[in-house]
Each structure stands twice: as structure tokens, then as C-alpha cells.
Amino acid sequence: MTDLSHYRNIGIFAHVDAGKTTTTERILKLTGKIHKTGEVHDGAATTDFMEQEQERGITIQSAATTCYWKDHRFNIIDTPGHVDFTIEVYRSLKVLDGGVGVFCGSGGVEPQSETNWRYANESEVARIIFVNKLDRVGADFLRVVGQVEKVLGANPMVMVLPIGVEDDFVGMVDLLTRTAYVWDDSGHPENFEIVDIPADMVDQVEEYREKLIEMAVEQDDDVMMQYMEGEEPSMEDIKRCIRKGTIALDFFPTYCGSAFKNKGVQLVLDAVVDYLPSPTEVKPQPLTDEEGNETGEVATVSTEEPFKALAFKIMEDRFGALTFVRVYSGVLNKGDTILNSYTGKTERIGRMVEMHADDRNEIDRAQAGDIIAIVGMKNVQTGHTLCDPKHPTTLEPMIFPDPVISIAVSPKDKGGSEKMGIAIGKMIAEDPSFRVETDEDSGETILKGMGELHLDIKVDILKRTYGVELEVGQPQVAYRETITQAIEDTYTHKKQSGGSGQFGKIDYRIKPGEPGTGFVFGSTVSGGNVPKEFFPAIEKGFRGMMERGPLAEFPVLDVEIELFDGGFHAVDSSAVAFELAARGAYRQSMSKAGPQLIEPIMKVDVFTPDDHVGDVIGDLNRRRGMIKDQEKGVSGVRVKADVPLAEMFGYIGTLRTMTSGRGQFSMEFSHYMPCPKNVSEEVIEETKARNAAK
């Protein structure tokens, strides 16, 4: 039985290009897991094993690997940084106990860092910070520390100070031990020596060391009293306090280095051991009922408890379907039968493997705290709970965002249809933020995703991995409809044609709901004018109609319907009659309630060199953008704006032209807003023409 206190389940997450995958490579090399370091820019990184990742030099899907450092087992997940793939970060954080947030020394806290940090806060994941790329032009460790405070609202605890900056960066001083580490230029991580602290840094080291200790001792009243009486606590006490505060998310130990040049990664590994929690030290996962409501019970991490695990990722590879599983409690042996509490079906465990990117080691048992993959499971999807059949239970499920962009695709030849259907089925299982629909009228397949790059990669996988040649349509925006006026109305559904008839009368109010509420149904019927047993049928009737709005048949959002009176017939009233009454009421009333087209607004973050700021802002204004903020950095300006998605297609090309290839941007869905009248009319016209052509 493995000692759980020696386990560390950690994720490595950051903005695009901050150096997550490079940091992971260096960790694997240092821990002896790989013998040759692969570089991202050569397409040879261990955890970037998809063709698309190797070509583009970005991480698309999270990859899991296991390694050992100082008698501790690290289960590491390297996550993507690009905003279109945040789902990978979200679901990884859901099953991890700790994380390493990587920030670029010159880029600082970038937009995707903010999103990932927010996800980590929601999942209550303890983190340490690694400010990477300190050898780059414009790198400034303390500036990034300041941004972590200001932009993320976090409390960084400075643990080291860099020796030299940019080209002169050679090492760092460990503040706790007052030890200076200096690496040579060979690029080998083991080639460092311990030297005296540079004379010009002594005062700064003492100043930051004092801040560190003051922050740490606040975690323990006895140690704090001892410190206030002028006695420095022991190293053991200080480390214990830092560990306690890190796990409580009171502060985040902050390190620096250059992963690419192999400087400083050992200190990060030591910090993972010293300060990040083991599986038994984190808040246990809540258990829920079948509707997803918390029951008040939790999944205690222990090998003595009944088996409980969460399937957090499905991946197809050359050997078949792999289900990635985080085991929360109990033990799982090869040959065991387990229950999927979502489907109610049992499955026998055939093969279990420990993953190292796309390689695997066969194992016979797994226990609480492990992250493993099970081969060949059927009917398991992301977020399903696997448990002991004698002790059925459900872990808190995962919630995934709705797509904001779609494209129509069709296979070039008849034989491709079946191939495409099988491939898409596998891809949906792998990525819950990727949705597919078939347009009933035209027969086209509609792919829906989180952004242009997301769908671009999906089409590329269909073509190359599955060999399906496709015709690809133009990207379409996920418009929605809502209403602007409250109305009160009545509707009677009456049908008499020999035998028993149908009768249902409803009096109702329809009004605009709060943004983000979707569809809300309530009843204030007093007395028995409409019996309670018909309420669910009325709600079902209205809810079913919300998929097709009155303007252009886009789904309807943010509408409240209140049933306040009605009538029924002792013989002719039924659930079906009231459901049909609700459908008729929707058709009768929605067009009177001031329907309005609403469009997705994206939170856009553009980095541009100083001399192109005016062009970038002018262009965003032309795209109906609202400029929210401008922030001056060392090498340029970050412009933050809210811009309609419809105006952002192909933006990367325009930005590169405007900034001579030096601009970068990222965007993520923010909220829905009403469309201007001219845009609304155009969209409705186009949609009607398209529907008529079908």
C-alpha cells in the first residue's frame, strides 16, 4: 500500500507560449523519466504527441504522465494554454490537488492566465507560481509578481530572487535558506554551484526574506508570538506554516527561472514536495444525488473506503478508447466489476494503464490518489462517476460551456458519410465542448465549438486522423433570441372529435428574464383551476418551444413564464392537452413580446507594439468593439475590448498585417447583447433565405 502523503497530483497551466510544455519536459528530464529533452519548436515535446500539436507548436489536449522526485510520486497533467481549449484545463483542475501556474517573465499575467487562475480558484486548487523565461528581453520578475497581485487579486509569496536579468540571468537566491544557486552556460540542469549571495543583493534578500517570514507566521499564533518576541522560528516551523497557507489558498509561493535554459526547475520540484498538498490534505469532493444537488456527504480520500472515481477525460488512440480516471477512494484491481452511477450499468475492468503521454505501462491495481487510464470501457463519458456496485454514489459532475461558433461540413464522397459519423462519435466523447447537430432540412452536419481554432483543429483531425475528405462551409455565429416586453395572455387548447376530447386552458405572463438565466417557469395558480399534476406538462410544452424563436428560429434565452390561472375539464383534460396548450400559447404570444435578436460578445485581449496602438483601437471600433482598458507593458500595449463574435472572423490576419506580424490576441465568450437593428435585419433576412433554400 503506497503512502498517500508521498503523492502529488499536479497540473501545469498558463497562457499560450508561457512555457508550460517546456517546463514539463524539464521536469521529466530531471526526474529521470526521459533521457533526451524534446523541444516544442522542433515538434518533439513528449506531451505534445498529436500531429496538429507538433506542427503548430501548441498544446491542444491535456496529457498525463507520472514521475518521481525525492521519494514522492508526481502525477502531472500538462494542459493547453489556448482559450479554445480551456475545457481541457477546467476538467484537469477538477481532478487535481495542486498546480503550477507558469507565467512568462516578459509577457506577465496574460488573458488566458486570468481564465485558468479563475478556474483554479473555483476548483480550490492550491498553487505555486513559476515565473519562466527570465532570460528573455523585457523579463522582470518583480513586475510579474506585482501583476499577480493587481490583475489576479492573488497573494504571491516571493520565495526566490533572480541573479541578473535578461541575457545576464544566471540563477537565483533561495530566500529561506539564503542560498545562491548559479548555473553555467552548458544548459545542463545539474551544472550549478552554490555561491555567496552577490554583495549588491544582500539588503534586498533580507528585505524580502523578512516579508516572507512575516507572511508565513500569520498561519500559527504560537510561531507568530515567538517571532514578535524577536526569535526567528525554526526552518521546520516556517515550512510548516508556508505549507498550511498554500493549501488554504492564503498565498502562493512564487519562484522564477528559465525552463528552456534549465535554470531553477529543481527549486520548483522541491516546492511541489514541500508546499503542495497530498490527496488526503485537500477538501474532499462533494457527493451529489441524481439531479446533481449536493447531499452533504464527501468522498474521503482513503484506501479503506469503498471505491469511488471520476472519469475526467476520454481519449481515442491506436489501441482503442482510454478512459482517464481519478481514483478518490478505495482500491481498484484488474478484473473488478464497477458501477457507472450515471448509466446504472456495471462494467468489468480488463486493462488498466499508467500513462506517460501516449505511452502506457500496464498495471494490476490502482488506489485512492491515483490518476490512471482504463482501456476499452463502454458507455462512459466525461464527468461520470465509477464506484463500487455495493455502494452506489455520485461525485459532483462537471459543467461545460455552450459553443459560440458553428460550421457546416459534408463529406466529399458518399463513402465518407459513415466514416465521418463514426469519427465524430469518438470526437464528441473526447471533447464535451464540441457539439454536433444534423440540420433536418438540408441534411448538413453542423459542428459547434468554442472558437475558430477549435473547429479548425476538429476538421483537421477528421481529415488526417480519420481520412474523411470534407467540404467546409463558412463559420456561423450562435445567435440567440430574447424578448423585451412583458405581456399577459390566455390560450385554450380544445379538440373534440368523437370519443374523449382534449381541453386545456392557461392564463400566463411572459416577461424578460435576468441575463444568463435561460428559461424560468413558475406557477402562482391558487385553487384547483389547473391541477398541480399538469404543471410539469405545461413547463415541458413551453421549454420545448424555446429551441425555435419567433424571429429567425434561433434558440430563445432569458425568458420567465408565470402560470397564474386557467381551466380544466374533468374528462377531457390531460397532460398532453396542457402541453399542447403551452405550445400554442408560445406561438400566439412570443411575437407580441418584443422579440429581439442577441449576439455573443467576446472578451478580446490584443497585444500590440506601441507604434500600432492607434490602428488596433481604430480597427476594433470599426468592428463594433467597446474598448474597456489599455495597459502599458515593457514591449507594447494590451488593449482589452468587448467585440461581437460576428466581427472577429479572420481577425488574426488583419492584426498581423497591421502590426507587421508582432501583434497577438486572444478572445473568449463573455455574454450576449442585443444586435443593432441593421445587423439584426440582415441576419434574419439571411437566415430566412437559407431556410427557404433548404
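Colleague: Is K133 buried or exposed?
Modeller: K133 is buried, at 17% relative accessibility; buried means under 20% relative accessible area, exposed over 50%, and partly exposed in between, with a 1.4 Å probe and protein chains only. This is a predicted model, where local features need pLDDT of at least 70, side-chain atom pairs count only at pLDDT 80 or more, and totals for chains, interfaces and linings use all residues. Residues are numbered from 1 along each chain as its sequence is written, and side-chain values use heavy atoms, without hydrogens and water.

Colleague: Where does K133 lie?
Modeller: In the loop between strand 5 (126-132) and helix 5 (141-152); helices (H or I, at least four residues) and strands (E, at least two) are DSSP runs, numbered from the N terminus. K133 has a positive phi of about 60 degrees, although it is not a glycine.

Colleague: And K70, what is its phi?
Modeller: Positive, about 50 degrees, and K70 is not a glycine either. K70 sits in the loop between strand 2 (63-69) and strand 3 (72-78). At 52% relative accessibility, K70 is exposed.

Colleague: Switching to strands: which way do strand 30 and strand 31 pair?
Modeller: Strand 30 (residues 487-495) and strand 31 (residues 502-512) are antiparallel, over 9 bridges; two strands pair if DSSP finds at least two bridges between them. T490 is opposite D507 in strand 31.

Colleague: How many bridges join strand 31 to strand 33?
Modeller: 8, and these two run antiparallel, strand 33 being residues 559-567. I561 in strand 33 is the bridge partner of I510.
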